[in-house]
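These are my notebook entries on a structure I went through piece by piece. I wrote down what I looked up and what I found.

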Amino acid sequence: MALSKDEVLAGLAEIVNEETDIDVAEVTAEKSFTDDLDIDSLSMMTIVTLAEEKFDVRIPDEKVKDLVTVGDAVDYIANA
Amino acid sequence: MTTLNVRRGAEFTRILGLGVARGENLVPNDDLIEPINSSDEWIRKMTGIATRVRAGKDTSVIDLSERAARDAIAQAGLEPSDIDAVILSTITFPHITPGGAPVLADRIGATPAAAFDISAACAGYCYGIGQADALVRSGAARHVLVVGAEKMSDFVDPADRSISYLLGDAAGAVVIGASETAGIGPTVWGSDGGGAELIGQTSSWLDVRDNPGTPFPTLRQEGPSVFKWASFKMAPVALQAIEAAGVAPDDIQVFIPHQANVRIIDQMVKQIGLPEHVVVAKDIVDSGNTSAASIPLATERVLRDGDARSGDLALQIGFGAGLVYAAQVVVLP
């Protein structure tokens, strides 16, 4: 069964917390990974890879640059 | 029917001696930040590198190789004439032909040893160890000199933010020979040419010839993609090498990965699940990424610093442009 966007957001927030120690409550849909959460390109790749494993989806490397906000990533994963 | 003789070699091999040569100049981040509009802090955060070793203009990749090779042969208690094969792993010997290995063999006095180059970039040292191990066990050679050597600074672009600032110049050499016990585990190796575009030179030599104004080729990488591949895809390879050697992660005393980036090394340790007691080589902090030389350099460093001892069991893994990779468990010399 497909996960709801809320469920994806919760799972993604856990991954972000694991990689960066940012509080899960800070990881909200409108936040920019780079500008708001200060996540660099290598941490972003780690988050993407862990999300691929957790949600059993594939996120091509060339797609990662389009995932500007947490919401972008949630939408991509939920619709994959 | 005529039958041909076949050779049989030693049952086991090990690393008999190790030598290294680092570029003579220690280059701090501050010397490189202006053309890439960056900072010492950013380079340390993204790579863990504080300085890299670079050779002067008049020092060649063969010069570095010779210094490392002579020390390796001496530590093995051998003479250059005892070497039957020379394998030089490099991507920076600046000739399409001849190879650098025959030149090196002649320079050190190992002629007429068999001599050839391998182009396996940052995996080249582990590729060379795998070949040397096989050559000695097959009887094709008694003593094989394996050298990983690079003068990366000849192929960097000071304005490149993808890879140039990581790179250093050095050579690391080992002599592989027969042993009474197994000192080199099975090599787990492979390639993925689907990722050939991720690390390489900016243009081919034919582009330079055919398109006037094409800049001299330098190195580039798709950093985040390479990070992802190395950090997550290489852990299973490392685990296969441990399993192939018939040991467990708990038995490993030292982890010596290619010194590509501290962030990659840290993620690999996590993904492999190495126990906390394992010493993790991080010579990259001071020497930078020296491609094929980085693993022997890091090996020399953990031994010199007293973090590891001769006889320790080390997991080594090289990975890089190709994409190519190779890993094996070895007993440190």
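**Entry 1: a helix in chain B.** I looked up helix 9 of chain B, residues 294-304, and found nine of its 11 residues buried, so the helix is largely enclosed by the rest of the structure. I call a residue buried if 20 or more other C-beta atoms lie within 10 Å of its own, exposed if 12 or fewer, and partly exposed in between, with C-beta atoms placed from the backbone. Helices (H or I, at least four residues) and strands (E, at least two) are DSSP runs, numbered from the N terminus. The buried residues of helix 9 of chain B include Ser294(B), Ile295(B), Glu300(B) and Arg301(B). After helix 9 of chain B comes Gly306(B), with a positive phi near 80°.

I noted what kind of model this is: it is predicted, local features need pLDDT of at least 70, side-chain atom pairs count only at pLDDT 80 or more, and totals for chains, interfaces and linings use all residues. Residues are numbered from 1 along each chain as its sequence is written, and chains are lettered from A and ligands numbered from 1 in the order in which they are written.

**Entry 2: domains of chain B.** I found chain B split into domain 1 (12-179) and domain 2 (188-331), with bounds that come from an automatic or database domain assignment. Between the centres of domain 1 and domain 2 of chain B, taken over C-alpha atoms, I read 14 Å. How many residues of domain 1 of chain B are in contact with domain 2 of chain B? There are 45, and they meet 42 residues of domain 2 of chain B. Two residues are in contact if their C-beta atoms, placed from the backbone, lie within 7 Å. Among the elements giving two or more residues to this side of domain 1 of chain B are strand 1 (12-22) and helix 4 (124-138) of chain B. By class, this side of domain 1 of chain B has 26 nonpolar, 12 polar and seven charged residues. Ala, Val, Leu, Ile, Met, Phe, Trp, Tyr, Cys and Pro count as nonpolar, Asp, Glu, Lys and Arg as charged, and the others, Gly among them, as polar.

**Entry 3: where the chains touch.** I counted nine residues of chain B in contact with seven of chain A. Helix 6 of chain B gives the largest share of the chain B side, six residues. The residues on that side of chain B are four nonpolar, three polar and two charged.

**Entry 4: a residue in chain A.** I looked up Ala73(A), which is in helix 4 of chain A. Is Ala73(A) buried or exposed? Ala73(A) counts as buried because 27 C-beta neighbours lie inside 10 Å. Leaving aside neighbours within four places in sequence, Ala73(A) is in contact with Leu12(A) and Leu67(A). The C-alpha atoms of Ala73(A) and Val8(A) are 9.1 Å apart, and the two residues are 65 residues apart along the chain.

**Entry 5: backbone details.** The peptide bond from Thr97(B) to Pro98(B) is cis, with omega near 5°. I placed Pro98(B) in the loop between strand 4 and helix 3 of chain B. Another cis peptide bond joins Gly322(B) and Leu323(B), with omega about -10°. In chain A, Asp38(A) is not a glycine but has a positive phi near 55°. Asp38(A) is exposed, with 11 other C-beta atoms within 10 Å.
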